[in-house]
Amino acid sequence: MRESSIPKTKGYHHCIYQPKRGNGNDTHPLIVDAETKAIRAEACAELCQQLKQKGFTPDIICGHPGWGELLFLPFIWPDAPILMYQEFCYNVNGFDCAFDRELQPDDSDWQNSGRIHFKNANTLLNLDHATWNISPTAFQKSSYPERFHHRFSVIHDGISIRAKPAKNLKKLAFKIDDELTLTSADNLITFVNRHIEPYRGCHSFIRAIPRIQELQPEARIVIVGEREGISYGKACDDGEWCDRFLAEIDGHYDPSRVHFVGRIDYDRFLTLLQLSKAHVYLTYPFVLSWSLLEAMSIGCPIVGSATAPVMEVMEDEHNGLLVDFFSPQAIADQVDRLLNDRQLAQKLGTQAHRDAVEHYSLERCLPRQLNLIDLVASRAIGQ
């Protein structure tokens, strides 16, 4: 990371470390991930040792252990309490692994299971040293071994106050290109992935498009996210995931009414959700996306997958509509229902907004996070 890319925050000093090397060419494939973590841990530890030699002793260490940096810090400052942000623990059985039988190795593949097992080496080593842990959702906490649960708090990161319903929809506009601008008059359906990939249900949604267009031929479908690369899971064996599934429906849908807008800035993203008449969110049993909670906070009528992370925040017919992750027809039918029944859509969106503000707004979450930091730093918990 270049120093120029580090934010200059008043009252904070930023220290930058750089790994000395990359992975070895002959590292066993099953432990490449562990080696990567060790390389980063070494670089971070060497910088922290320099800080210690200058007389610095932290009151508390807060960090995300997922990339390895925290591994050796307990040996540099053995008396400093450590609060770790625990995002997700991979499991050989259940959760995201072997969830999608079409695209994932089955759980009888010992090599894949062995890879997942080794991937948790860093996680388990860090858990042994954590004074306390924080996870954003109860589902994410549940991915960790139960023997550690007594040292966890569940507090979400918090959703920006900017994610809220529009004051005047008629003034909003989302420009697709020089020839097309969407407004509140359009039947707009939205779908968001950081990358268009199966972990976030791109295949189920893309396969739903022909049925959606059959039911709602005038609708506009806007898909946000990069079509190349992946964030989670394995890369497509042949090209890109998005192109693979679009090829499946080629000739069975109207591409002129499906708009891929790539990665967009946050203001445009919020405007798009404010205009959305039906937002679709699908995910494997994995880390919950902020985009779902932002859509809820904005008051979007949502069709979500009936998978554990979504069901923690959404209740069917209460603040959204839940569908089978693998059913394109159910997805399309529920989208059609929201577009046809605007009273229902308004009711669900209003309740989604209330629930998001009550449980996941930054104003509610940040004080709880700061209080937890004080508790751990003062050794009131975790001893």
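Select L71 to begin: this residue is buried, with a relative accessible area of 12% (buried means under 20% relative accessible area, exposed over 50%, partly exposed in between, with a 1.4 Å probe and protein chains only). The model is a predicted one, in which local features need pLDDT of at least 70 and side-chain atom pairs count only at pLDDT 80 or more, while totals for chains, interfaces and linings use all residues. Residues are numbered from 1 along each chain as its sequence is written, and side-chain values use heavy atoms, with hydrogens and water left out.

**Around L71**

L71 sits in the loop that runs between β1 (61-63) and α2 (73-76). Helices (H or I, at least four residues) and strands (E, at least two) are DSSP runs, numbered from the N terminus. Now display the neighbours of L71: not counting residues up to four places away in sequence, it touches K37, A41, N122, L125 and N126 (a contact means heavy atoms within 4.5 Å). For a distance, pick G114, which is 43 residues from L71 in sequence and 22 Å from it in space, C-alpha to C-alpha.

**Helix α1 and K52**

Next, select K52, which belongs to helix α1 (residues 32-53). K52 is partly exposed, its relative accessible area being 37%. Beyond the residues up to four places away in sequence, K52 touches I76 and W77. Draw a line from K52 to V357: the C-alpha atoms are 42 Å apart, and the two residues are 305 positions apart in sequence.

**The whole chain**

The C-alpha trace spans about 65 × 45 × 40 Å along its principal axes. A compact globule of 383 residues would have a radius of gyration near 21 Å, and the value of 23 Å for the protein chain agrees with this; the radius is taken over C-alpha atoms, and the globule rule is 2.2 Å times the number of residues to the power 0.38. Of the 383 residues, 49% are buried. Among contacts with a separation of 6 or more, 68% join residues 24 or more positions apart. The accessible surface comes to about 19300 Å², and 50% of it belongs to carbon and sulfur atoms; accessible areas come from the Shrake-Rupley method with a 1.4 Å probe, and for residues only the protein chains shown count as cover.

**Two residues with positive phi**

Select F95, in the loop between β2 (82-85) and α3 (110-119). Its phi is near 55°, a positive value in a residue other than glycine. F95 counts as partly exposed, at 22% relative accessibility.

Then move to E317, in the loop between α10 and β12 (321-323). E317 is not a glycine, yet its phi is positive, at about 70°. E317 is also partly exposed, with a relative accessible area of 33%.

**Strand β9 and V258**

Select V258 in strand β9 (residues 258-262). V258 is buried, with a relative accessible area of 8%. Its contacts, not counting residues up to four places away in sequence, are I209, Q213, I221, I223 and Y253. The C-alpha atom of N187, 71 residues away along the chain, is separated from that of V258 by 12 Å.

**Helix α9**

Select α9, in which 8 of the 9 residues are buried, so the helix is largely enclosed by the rest of the structure. The buried residues are S291, L292, L293, E294, A295, M296, S297 and I298. Their cover includes β7, α8, β10 (278-281), β11 (302-305), α10 (308-313) and α12 (342-360). After the helix comes G299, with a positive phi near 95°.

**The second largest pocket**

Finish at the second largest pocket, which holds about 680 Å³ of space. The search uses a 1 Å grid over the protein atoms alone, and a pocket is an open set of points where a 1.4 Å probe fits, with protein on both sides within 12 Å along at least five of seven lines; lining residues have an atom within 4 Å of a point. Grid points are joined across faces, edges and corners, and the volume is the space filled by probe spheres set on them.

Of the 28 lining residues, select those closest to the centre: R194, S289, W290, S291 and E294. The elements that give two or more residues to the lining are β7 (188-195), β8 (220-226), α8 (266-275) and α9 (290-298). β7 gives the most, with 4 residues. By class, the lining has 12 nonpolar, 8 polar and 8 charged residues; Ala, Val, Leu, Ile, Met, Phe, Trp, Tyr, Cys and Pro count as nonpolar, Asp, Glu, Lys and Arg as charged, and the others, Gly among them, as polar.
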